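Dear colleague,

I am passing on the structure below, together with notes on what was found in it. Please read the notes with the coordinates open beside them.

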Amino acid sequence: MPPCRSMRTLIAAALLLLAAAPAFAHFGAVIPSDDIVARDDAKTLSIEVKFIHPLEQHYMEMAKPKQFGVKHGGQKSDLTAALKEVKGGSPDQTGKFTFWTADYDIRRPGDYTFFVEPTPYWEPAEDLYIVHYTKVCVNALGLEEGWDVPVGLETEIVPLTRPYGLWTGNLFTGQVLLKGKPVPHAEVEIEYLNASPGNISVVLPPADPYVTQVVKADADGIFSYAMPKAGWWGFSALNEADWTIDHEGMKKTVEIGAVYWVRTRDMR
Ligand SMILES: [Cu+2]
């Protein structure tokens with residue numbers, strides 16, 4: 001029996017919804033209050049840890065991360081206990097979403113790479129779990145050392161461009177690693193954080209493909225992108241984990257992301 005009219009309408013609507021489902025990307029985000037701590041600056045950083053759609057300014061609910069830490073001078077420190085739960089959302093979102101903040105006191109010179117390993121996020125629309133290993137580097141007190149050292153996460157982006165002191169228009173180059181090895185031809189998604197401090201004109205994408213930029217890495221997992229506006233830029237390389245997570249008795253795929261954030265400033 002052919003489906004009734006209301007059923008056909010429903011199917012058509014569902015198909016339309018699928019077709020129209022925007023490819024807006026989820027991004028783990030670790031955004032510090034300052035990216036370069038100079039001698040006269042406040043030495044306490046406030047760091048926000050979120051799961052968002054950066055250009056659309058949409059929040060997703062974020063459970064307490066499995067691990068939050070910093071690598072400095074070759075040493076890793078666990079900062080998970082410093083995380084405080086906060087609620088927020090974009091102006092056009094109903095309801096509030098959980099994200100996390102932590103304060104961190106800079107005491108010594110050098111590069112501080114903050115990293116987060118989130119608790120797996122169940123995404124029913126994609127029938128998978130998402131874990132975005134996310135990093136950001138803060139330079140402190142005049143010593144430029146450590147930014148190019150991997151943290152040792154399951155997957156991560158390691159910068160080949162020094163990730164601070166970047167001008168608008170600079171090219172950011174990085175390498176995608178999975179279990180410490182380059183990922184040939186990795187696809188990297190890039191988004192601008194519309195909520196960047198100092199962003200006076202919110203970016204309105206003229207069409208969906210403008211929301212998330214896409215570049216492909218070369219055979220050594222190396223990619224580049226030139227950032228056209230001042231603010232924070234997120235780079236995200238997605239891979240499938242070689243492990244699964246049980247969800248209601250079924251083994252589910254886990255999408256693991258390597259995410260890295262850098263900040264640009266206008267030349268003037
Ligand atoms: Cu999302």
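Helices (H or I, at least four residues) and strands (E, at least two) are taken here as DSSP runs, numbered from the N terminus. On that basis the secondary structure of the protein chain comes to one helix and 22 strands. The radius of gyration, taken over C-alpha atoms, is compared below with the globule rule, which is 2.2 Å times the number of residues to the power 0.38. The protein chain has a radius of gyration of 19 Å, close to the 18 Å that this rule gives for 268 residues, so it is as compact as a globular protein of that length. The C-alpha trace spans about 75 × 45 × 40 Å along its principal axes.

Before the details, two points on how to read them. This is a predicted model, in which local features need pLDDT of at least 70 and side-chain atom pairs count only at pLDDT 80 or more, while totals for chains, interfaces and linings use all residues. Residues are numbered from 1 along each chain as its sequence is written.

On confidence, pLDDT is the predictor's confidence in each residue, from 0 to 100. The protein chain averages a pLDDT of 92, and 91% of the residues score at least 70. Over residues 11-22, however, pLDDT stays under 50, and for this stretch the model has two contacts beyond four places in sequence, a contact being a pair of residues whose C-beta atoms, placed from the backbone, lie within 7 Å. Where pLDDT is low, the predicted coordinates should not be read in detail.

Turning to the interior, a residue is called buried if 20 or more other C-beta atoms lie within 10 Å of its own, exposed if 12 or fewer, and partly exposed in between, again with C-beta atoms placed from the backbone. Buried residues make up 35% of the 268 residues in the protein chain. Among contacts between residues at least 6 apart in sequence, 68% join residues at least 24 apart. A nonpolar core is a set of buried Ala, Val, Leu, Ile, Met, Phe, Trp, Tyr and Cys residues joined through C-beta atoms within 7 Å. The largest such core has 60 residues, and those with the most contacts inside it are Val 30, Val 176 and Trp 261. Strand β11 (residues 128-140) supplies the largest share of this core, eight residues. Leaving out residues up to four places away in sequence, Val 176 touches Ile 157, Pro 182, Val 183, Ala 186, Val 188, Ala 217, Gly 221, Ala 237 and Ala 258.

As for the strands, two of them are said to pair if DSSP finds at least two bridges between them. Strand β3 (residues 44-53) runs antiparallel to strand β1 (residues 27-32), to which six bridges join it, and Pro 32 stands opposite Ile 47 in β3. β3 also pairs in the antiparallel sense with strand β8 (residues 97-105) over six bridges, where the bridge partner of Ser 46 is Asp 103 in β8. A further antiparallel pairing, over two bridges, links β3 to strand β4 (residues 58-59), and in β4 the bridge partner of Ile 52 is Tyr 59. Strand β7 (residues 84-88) pairs with β8 in the antiparallel sense over five bridges, with Lys 87 opposite Thr 98 in β8. β7 is hardly covered, since the count of buried residues among its five residues is zero.

Most residues other than glycine have a negative phi. Gln 57, although not a glycine, has a positive phi of about 65°; this residue is in the hairpin of β3 and β4, which has four residues between the strands, and Gln 57 counts as partly exposed, with 16 C-beta neighbours inside 10 Å. Lys 179 likewise has a positive phi, near 50°, and is found in the loop between β14 (171-178) and β15 (181-182). With 11 C-beta neighbours inside 10 Å, Lys 179 counts as exposed.

Finally, is Lys 71 buried or exposed? This residue of strand β5 counts as buried, with 20 C-beta neighbours inside 10 Å. Leaving aside neighbours within four places in sequence, Lys 71 is in contact with Lys 76, Thr 113, Phe 115, Val 149 and Val 151. Its C-alpha atom is separated by 9.2 Å from that of Cys 137, 66 residues apart along the chain.

With best regards
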